[in-house]
Amino acid sequence: MVLRRGFILFLPRLVGLLVVACCSMSIVYMLACTPKGDNQQLALPRVHSPTAKEGYEAILQEREEQHRNYIISLKKQIAQLKAELQGRTEQLKNMQNQYPDSLDIRLDHSKPEKAQANLLAFLRSQVDKAEVHSGVKLSTEYAAVPFESFTLQKVYQLETGLTRHPEEKPVRKDKRDELIEVIELAVGSLNKPDGVSKAKPHVYTASDFVEGIYRTEKNKGTLYELTFKGDAKHQFKKIVLFRPFGPVMKVKNENVNVADTLINVIVPLAKRASKFRQFMQNFREMGIQQDGRIHLTVVYFGKEQMNEVKSILENTSKSANFKNFTFIQLNEEFSRGKGLDVGARFWKGNNVVLFFCDVDIYFTAEFLNSCRLNTQPGKKVFYPVLFSQYNPSIIYGHHDSIPSLEQQLIIKKETGFWRDFGFGMTCQYRSDFINIGGFDLDIKGWGGEDVHLYRKYLHSNLMVIRTPVRGLFHLWHEKQCLDELTPEQYKMCMQSKAMNEASHGQLGMLIFKQEIETHLHRQKLSGKKT
């Protein structure tokens, strides 16, 4: 009872102390939170001053505005984080749905063995998505990611822009270090003992590296295919590496023997005997003398200039002791697709590599090996991006004379361009060409048939190797776009014609030639006056 009375008496004092404490805290808060001016802190209004009420209201309003802005900023950040979290969750769900068994990338750090296994499963799934073992079906010709090629000294790239060159040294440190690392890893893999052969192993070095191709797909990784010299002539070693957004993984280490791999070069032709004579000079030197594992099939349309073409072919056969050729004559209107299709189906021997070629193409013996190395029956077809030559009369117009053809065949920004819009030159095994259905024979004349075949391969499960090659050139010739072409074919022909003449800079010099000459004339006059 006494305790209860004491508590009742003490309660008003306790309430008073709490009120005093709250007031003190309010005063301290106002002193601490009052915003500073340029040189000093704003003074707290005096309690009995005439502006006390207005001052408190102003300070409270300012503080309220600051807190409101801060809350708005926090809400925006929270919304952004929620959106990003939702996006990441959707990505993870998609990956888990696509790989329900092997892909579980949630790393359990309490079980390092399981975490490592999950990571390895994820990396291997990246390999499966990257067309290392087989191709994937693609919707259009623009969906294919092309390869770029490289040697020890140069990189041959498609996306040159306005400042880069179609052929250049790997100047950027990241690209140079990347390619050096890949070559060194491949050499180390080749020199690793296999534990089977007792013969003294061949020690590989970087000098054995012939060429490589690579491409990067942003959602998968970078795929590398490197070719090295083998133990004997016509034998090569091919190493396939893959960087799945992490360490490079060795995928394959295989021997490739192309000593007995025959290439059937198929050329559709109508008239153009002088161009055929130039083509046969190249064919004799590179195909017959240097390579030697080659067959030529000429499908000729009509009879005009036919005897001259046959005479050129027979003379080459006699002088070079070359019997591996076939001449097919068709009495109908020229159709490139029909000629290539007839030439491919005419072959009666074993499965052979078909190289669809044109009469205005120049190739090297190195390219023929690239053709063999990048084709595989039932697995791979090769669509090289050739280097197209500009008009020599424009390129070398300021020279005393135009250099010889061999001297013109250099890969530079001023001499030509990568013909990445053309799909006519291609290498594939005959079995793949037949199985895919060949050319669309309803397409007549120039253009269109090559894109149609290319799309067929993209829609199949075959892997399409698309890369610029340094040994395949399209020689400049004046292009005639005939009136009988369809509007779409005529448009394609004119676009090709415009691209063939010269670079942007060289065409600009021609367009502004009058202005340049006027400027030079004025400079001479001003020089004489001084």
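Colleague: Which residue forms a salt bridge with D341?

Modeller: A salt bridge is a side-chain nitrogen of Lys or Arg within 4 Å of a carboxyl oxygen of Asp or Glu. The partner of D341 is R345, and their closest N and O atoms are 2.6 Å apart. Before going on: this is a predicted model, in which local features need pLDDT of at least 70 and side-chain atom pairs count only at pLDDT 80 or more, while totals for chains, interfaces and linings use all residues. Residues are numbered from 1 along each chain as its sequence is written, and side-chain values use heavy atoms, with hydrogens and water left out.

Colleague: Where do D341 and R345 lie?

Modeller: Helices (H or I, at least four residues) and strands (E, at least two) are DSSP runs, numbered from the N terminus. Both residues belong to helix α7 (residues 336-346), where they are 4 residues apart, about one turn of the helix.

Colleague: Is D341 buried or exposed?

Modeller: Buried means under 20% relative accessible area, exposed over 50%, and partly exposed in between (1.4 Å probe, protein chains only). D341 is buried because its relative accessibility is 4%. R345, at 34%, counts as partly exposed.

Colleague: How many salt bridges does the structure hold?

Modeller: There are 17 salt bridges in the structure. One of them joins the side chains of E217 and K220 at 3.4 Å, N to O. E217 is buried at 12% relative accessibility, and K220 is buried with a relative accessible area of 12%. Another salt bridge links E304 and K271, whose closest N and O atoms are 3.6 Å apart. E304 is in the loop between β9 (294-301) and α6 (306-320) and K271 in the loop between β8 (263-269) and α5 (273-291), so this pair ties together parts that are 33 residues apart in sequence. K271 is partly exposed, at 41% relative accessibility.

Colleague: Which side chain makes a polar contact with the side chain of D358?

Modeller: A polar contact is a pair of N or O atoms within 3.5 Å; within protein, one must be able to donate a hydrogen and the other to accept it, and residues adjacent in sequence count only if both atoms are side-chain atoms. For D358 the partner is the side chain of R336, at 2.9 Å. D358 sits in the loop between β11 (353-356) and β12 (361-363), and is buried at 18% relative accessibility. Contact means heavy atoms within 4.5 Å. Leaving out residues up to four places away in sequence, D358 touches V267, P268, F279, R336 and M425.

Colleague: Which strands pair with β13?

Modeller: Two strands pair if DSSP finds at least two bridges between them. β13 runs parallel to β16 (residues 463-474), joined by 8 bridges, with V385 partnered by P468. With β14 (residues 416-418) the pairing is antiparallel, over 3 bridges, and S388 stands opposite F417. Of the 10 residues in β13 (residues 380-389), 10 are buried. K380, F382, P384, L386 and S388 point one way, and V381, Y383, V385, F387 and Q389 the other.

Colleague: Which residues of α13 are buried?

Modeller: Q489, C493, S496 and N500 are buried in α13. They cover an arc of only 65° around the axis (taken from the directions from the helix axis to the C-beta atoms), which puts them on the same side of α13. P487 and E488 are exposed on the other side. β13, β14 and β16 are among what covers the buried residues of α13.
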